[in-house]
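Good morning. Please look at the screen.

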Amino acid sequence: MVANRVEKTGDIETPRRAWLIGLAAWAVPGLGHVLERRWLRAALMGGAVWIMFLTGLGLGGHLFAVTGKEQGFGVMLQLLPMIGNIGTGLLYIICWMANIGFVEKAQLVTYEYGNTFLLVAGLLNYLAMLDAFDIAAGRKP
Amino acid sequence: MKHLLWMAVFAALVAVVFGVSAKGGDRQRLVYGLKVFGEFIAIAFLLGWILYFIPFR
């Protein structure tokens with residue numbers, strides 16, 4: 001019976017619009033839900049991600065990037081957190097272009113807090129992106 | 001005190017996203033969000049006290 005159900009749900013084709021909304025939700029936190037006209041969700045989820053990202057920068061957090069100078073497995077120490085940071089979409093890209101948040105400020109007491117806020121902002125936006133995608137695909141009410 | 005404040009802000013923001021993205025009715029999601037927030041705070045206090053008694057130096 002469970003196999004039947006899995007097989008049936010597998011047949012449902014994901015509309016192209018859902019992919020675009022997923023992309024918008026990744027690019028600008030909250031935009032995916034705005035396009036779905038889920039105003040409260042957009043305000044709560046997008047707002048939380050924006051606040052977390054800006055607080056992280058304010059606390060002196062550090063955005064990670066693979067520069068090509070890393071040796072051996074050292075690249076993993078940059079790559080994994082970078083994947084988390086990239087979750088904030090254009091916020092990360094704009095900061096990268098403007099070189100904001102890429103300078104380490106380890107002397108600050110709140111530096112580690114800032115790092116954690118920035119990382120989790122990206123991870124939460126991945127969650128918000130999947131939520132917007134599921135709503136657009138009709139998998140979530 | 002600032003450490004506690006930032007930890008509480010962090011817990012609140014994560015709880016909001018977890019609560020909103022959870023399944024169920026509005027009330028269930030609100031309770032879930034509050035539970036996540038409470039668990040963050042409770043575990044942080046618990047770990048804090050455990051680490052307090054471990055002599056690192």
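Start at A:Gly138, which sits just after α7(A) and takes a positive phi of about 80°. Keep in mind that this is a predicted model.

How many residues does α7(A) have? There are 26, and from the first C-alpha to the last α7(A) reaches 38 Å, close to the 38 Å expected at 1.5 Å a residue. In numbering, α7 of chain A covers residues 111–136.

Next, the chain around this helix. Chain A has 7 helices and 0 strands, so the pattern along the sequence reads α-α-α-α-α-α-α. Along the principal axes, the C-alpha atoms of chain A fill a box of roughly 55 × 40 × 25 Å. Of the 141 residues in chain A, 39% are buried. If we take the contacts in chain A with a separation of 6 or more, 72% of them are between residues 24 or more positions apart.

One helix pair within chain A is worth a look. Helix α5, residues 74–86, packs against α7(A) at an angle of about 60°, and the axes are 6 Å apart. Angles under 35 degrees count as roughly parallel and 65 to 115 as roughly perpendicular. The pair α5(A) and α7(A) is therefore oblique. Which residues make the contact? From α5(A) they are A:Pro81, A:Gly84, A:Asn85 and A:Ile86. From α7(A) they are A:Leu118, A:Leu119, A:Gly122 and A:Leu123. By class, that contact has 5 nonpolar, 3 polar and no charged residues.

Now to the other chain. The axis of α7(A) also comes within 10 Å of the axis of helix α1 of chain B, residues 2–21, and the two cross at roughly 5°. These two helices are therefore roughly parallel to each other. On the α7(A) side, the contact is made by A:Tyr113, A:Phe117, A:Val120, A:Leu124, A:Leu127, A:Ala128 and A:Asp131. On the α1(B) side, it is made by B:Trp6, B:Phe10, B:Val14, B:Val17 and B:Ser21. What are the classes here? The contact of α7(A) with α1(B) has 10 nonpolar, 1 polar and 1 charged residues.

In total, 9 residues of chain B are in contact with 14 residues of chain A. The side of chain B that touches chain A has 8 nonpolar, 1 polar and no charged residues.

Definitions and conventions: Residues numbered from 1 in each chain as written. Chains lettered and ligands numbered in written order. Predicted model: local features only at pLDDT ≥ 70, side-chain atom pairs only at ≥ 80, totals over all residues. Axes fitted to C-alpha atoms, helices over the stretch in contact; angles between N-to-C directions. Helix = DSSP H or I, 4+ residues; strand = E, 2+ residues; numbered from the N terminus. Parallel < 35°, antiparallel > 145°, perpendicular 65-115°, else oblique. Contact = placed C-beta atoms within 7 Å. Nonpolar A, V, L, I, M, F, W, Y, C, P; charged D, E, K, R; others polar. Buried ≥ 20, exposed ≤ 12 C-beta atoms within 10 Å, placed from the backbone. Expected span 1.5 Å × (residues − 1).
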